[in-house]
Structure formats: structure tokens, C-alpha cells
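Please read the following note alongside the sequence and the model. It is intended for a reader who is new to protein structure.

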Amino acid sequence: MQPLLKLCGNHSAHDTMVTLSSSADYIGFVFAKSKRQVVRKQVQEWLSEHRNFNDKKLVALFVNESIETIIAAIKDLPIDVIQCHGNESVEQLSELKSRVDLPIWKAIHHKQDAIKRMESYQGVVSGYIVDCKVQGQWGGSGVSFDWDYIPQYLDEGKRQGVPVFIAGGIRPENVEEVLQYSPDGVDVSSGIEENGQKSRDLIRQLEERVKQYDNNVPR
Ligand SMILES: O=C(O)c1ccccc1N[C@@H]1O[C@H](COP(=O)(O)O)[C@@H](O)[C@H]1O
């Protein structure tokens, strides 16, 4: 099976148009403080320009947000997945799960206790994004973690029966290094941007490399 592709950080009508016409499985909108931050009305307007989303699923990303704010932010938007990219606790995500009828993905920042943290969310979340933590930023940094650790995360995801996306500094030039580990998916934000906008050309280069890859080859 081909690894899943998520293109995150869409923050304009142009970005939305370019990623909706790509071969990505998921496209993401950042509702958290970021240079890519969006609000509900904008996303509504950008999506209204499209008759269909070409089978793509839409992901709403939050960082340490209250449940009320999350629910209000995605009201009337066709969101398929909520991604929590901060240090949300198991209790907070259990509560969120009981209030929204959507899968929740948790970002896990690569550090020493990361696998223990993943273990603690078992049964609560439906997927993980493993990202690099950069001081003062929760994500979208363009910085990678040490990819030798990827197998540990994939094994834990497999044990829990949920997908693990690898994120952080992935670009067309280096995506093949990540794909060699057979991740369930890759999540890319800054690596497909040029002058602050999603680039059709970079996305094409990225998706061509992802398309060539078959995850069934045992790691
Ligand atoms: O994209 C952002 O601006 C962002 C802001 C705050 C939290 C997460 C964000 N994006 C997520 O960060 C990773 C990696 O991004 P990058 O490819 O290194 O730029 C990815 O999971 C995005 O979904």
C-alpha cells in the first residue's frame, strides 16, 4: 500500500485549490497560533469554491485549545479529523472524544519519553503524528528529528492498531529517506511552500516520490 500523504498548513484560497487538486489523502488547516493560522470563515469560503474535495479528508489542527473553542472553530465545516498538536493530556482528549464524533490524532514530539506518551493515549486517539519539537514552536518548523527512531514509533502504532504519520522537515528532496522506513503516512507543511504559499511544483515532486513507494515491503 502507498503511504498516506497529508498536506498541512493551507492558509489561502490558492493553497486550498492546489492541495485539493493534488493526490494527497488529507489536507490540513491550522487553527492554532502560526503564520499559517486560519479561522472558520476563511476555510468555509475557500472550500465553497470547490464542488467536491476529490475524496480528500479534511484535518483541523489545534494546539492546547479548549473543547468549546475546537467545537466552535469547526462548526459547519466538513472536518474529518481533529489533530491535537500541543501537550493535551489523555484526560482532555478523552473528554474531547466524548464530545465530538470525529477521530482524534495526537502529535507526539520526538523526545525520550515519547513512546511512553504514545502508550498512554492508547484507545483514545485514532492516529499519531510524530514531529520534531523546536523551542518556541509546536510544529510547522521545517526541522526534522533523528529518523533512526522512526521504527520505534511505527512499532508502537502497529501495536495499537492505528496509523503513524512522520512529520517535521519533510521535503521532496528528503521524503524518500523517510519512506524507506515504511511509515503509514507523511505529513508535510513548510516543505511544500515557496514564498509562503503551497507550491504546485513542490507538491508534484513530493507526490511522485510517494506514489512510487510501496509500504508492503517489510522493514
Ligand atoms: O504548520 C504549522 O504552521 C503548524 C503550526 C503549529 C502546529 C503544527 C503545525 N503544523 C504541523 O507541523 C508538522 C511539521 O511541519 P513541517 O513540515 O516541519 O513544516 C506537521 O505535522 C504539520 O501538520
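1. Basis of the note. This is a predicted model, in which local features need pLDDT of at least 70 and side-chain atom pairs count only at pLDDT 80 or more, while totals for chains, interfaces and linings use all residues. Residues are numbered from 1 along each chain as its sequence is written, and side-chain values use heavy atoms, with hydrogens and water left out.

2. Overall form. The protein chain contains 8 helices and 10 strands; these are DSSP runs numbered from the N terminus, with helices being H or I of at least four residues and strands being E of at least two. For 219 residues, a compact globule would have a radius of gyration near 17 Å, and the 16 Å of the protein chain agrees with this. That radius is taken over C-alpha atoms, and the globule rule is 2.2 Å times the number of residues to the power 0.38. The C-alpha trace spans about 40 × 40 × 30 Å along its principal axes.

3. Among contacts (heavy atoms within 4.5 Å) between residues at least 6 apart in sequence, 59% join residues at least 24 apart.

4. Neighbours of β8. Two strands are said to pair if DSSP finds at least two bridges between them. Strand β1 (residues 4–7) pairs with β8 in the parallel sense over 4 bridges, and L4 stands opposite G185. Strand β7 (residues 164–167) also pairs with β8 in the parallel sense, over 3 bridges; here A167 stands opposite D187.

5. Strand β2. A parallel pairing over 2 bridges joins β1 and β2. In this pairing, K6 has Y26 of β2 as its bridge partner.

6. Helix α1. The buried residues in α1 (residues 13–20) are D15, T16, V18, T19 and L20. Their cover includes β1, β2 (26–30), α2 (40–48), β10 (197–198) and α8 (200–211). An α-helix has 3.6 residues a turn, so residues three or four places apart point the same way.

How values were computed:
Buried < 20%, exposed > 50% of the residue type's maximum accessible area, 1.4 Å probe, protein only.
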